[in-house]
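Reader: Please show me the model. Then take me through it in short steps.

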Amino acid sequence: MSGKEYEAQRKKEADISKQLALSDVKDWLKKLPAEKKEKPAIVVGSKTFTPAEIAKEVENDTEYGKQFAKMLQRSRVELSKRRE
Amino acid sequence: MPEFARIKEMLSIPVLIKRWRIVKSKKVLIIRPNCPGDNYTTLFSFPAATLVKNKAVAEGWTVTDLQGNNCSRANVESNINTVKPDYVVHYDHGSDFTLYGQNANVITPAIDDANVNLLAKRAVSTVSCESANGLGPLAIAATSKAYLGYDDLHWVHLWYLDKFNEASNAANNALLEGKTFQEAYDIAYAKYTEKWAELVGPDPGAAGLLLHDRDHLTLLGNPSARAHGLKIVRVP
């Protein structure tokens, strides 16, 4: 595999990761009662997000959104470790 | 008894051992801002630090508790210099090179690279963002015994504050009980995992935050160090 092909593969996988993250966030939102989706929930630094807002952050690929998506991914990995 | 013989006897090892004891020094300084309108401090870190303060009192520590606007840089510096705490506990915002305090209801740097020497010879623990990246290593270079903090953002979830309190306080509680920094780190790691496992089914989004905090808890310095100090006291 050439360097170019490797980079293309990485980009393709990054896109898959983002799709997975969006799907994780959608699944998570679906689990929450409707009235809770707009309630302040997640606090980091001086910011507070509702579940709907943090989902938007993931969609928009912001720094907070990327970190949150990574957390869901890490949770998936941790669950997989436990199922081994 | 001639003077010389009397002094010689006073300085003899058996007499010194009989008259002086090495005992634990248990002085803790808690720094906990409480900025109005700041959800992290008012809803999470300030109340979480109350639980740690209660634990410290129960474990026989002498507590100096700096709250809210008493956490100005000048007041933090003056208290460290006068109280000479063995253990400095901080709950609030942090960044790579700064632990924040509060002055006139605004967060303001309390300890940073300019006054990190205040942490020399002391045990340090902070529940805040990022300071294990920069200030922590500086504190260790300035001869702090050990430094426990986070090397990334510290996230909390308002709907499950009991779980976040329990996990975030686990290391401090263990240190207050006399455990080593390594033991305290291991206990906190296990507590974060336990709380994650409780939440991952019902609310995977909230659970993910606990896992993130767990994975960014960072221990610097001597893992065998303990939070208490040692002092020599004269037996009456």
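Author: Start with a definition: two strands pair if DSSP finds at least two bridges between them. Helices (H or I, at least four residues) and strands (E, at least two) are DSSP runs, numbered from the N terminus. This is a predicted model, where local features need pLDDT of at least 70, side-chain atom pairs count only at pLDDT 80 or more, and totals for chains, interfaces and linings use all residues. Residues are numbered from 1 along each chain as its sequence is written, while chains are lettered from A and ligands numbered from 1 in the order in which they are written.

Reader: In which sense do strand S1 of chain A and S10(B) pair?

Author: Strand S1 of chain A covers residues 42-44. In S10(B), B:Val156 is the bridge partner of A:Val43. Over three bridges, S1 of chain A and S10(B) pair in the sense called antiparallel.

Reader: Which element gives the most to the side of chain B that touches chain A?

Author: Contact here means that the C-beta atoms of two residues, placed from the backbone, lie within 7 Å. Chain A brings 17 residues and chain B brings 20 residues. On chain B, helix H3 (39-58), strand S10 (155-157) and helix H8 (204-216) each supply at least two. With seven residues, the element that gives the most is H8(B).

Reader: Why do the buried residues of H7(B) line one face of the helix?

Author: A residue is buried if 20 or more other C-beta atoms lie within 10 Å of its own, exposed if 12 or fewer, and partly exposed in between, with C-beta atoms placed from the backbone. Buried residues of H7(B) include B:Phe181, B:Tyr185 and B:Trp196. The arc is that of the directions from the helix axis to the C-beta atoms. The buried residues line one face because, seen down the axis of H7(B), they fall within an arc of 135 degrees.

Reader: Which residue stands opposite B:Ile31 in S3(B)?

Author: Strand S2 (residues 27-32) of chain B has five of its six residues buried. S2(B) pairs in the parallel sense with strand S3 (residues 62-67) of chain B, over six bridges. Opposite B:Ile31 stands B:Leu66.

Reader: Is B:Thr143 buried or exposed?

Author: B:Thr143 sits in the loop between helix H5 (135-141) and S9 of chain B. Its phi is near 75 degrees, a positive value in a residue other than glycine. With 12 other C-beta atoms within 10 Å, B:Thr143 is exposed.
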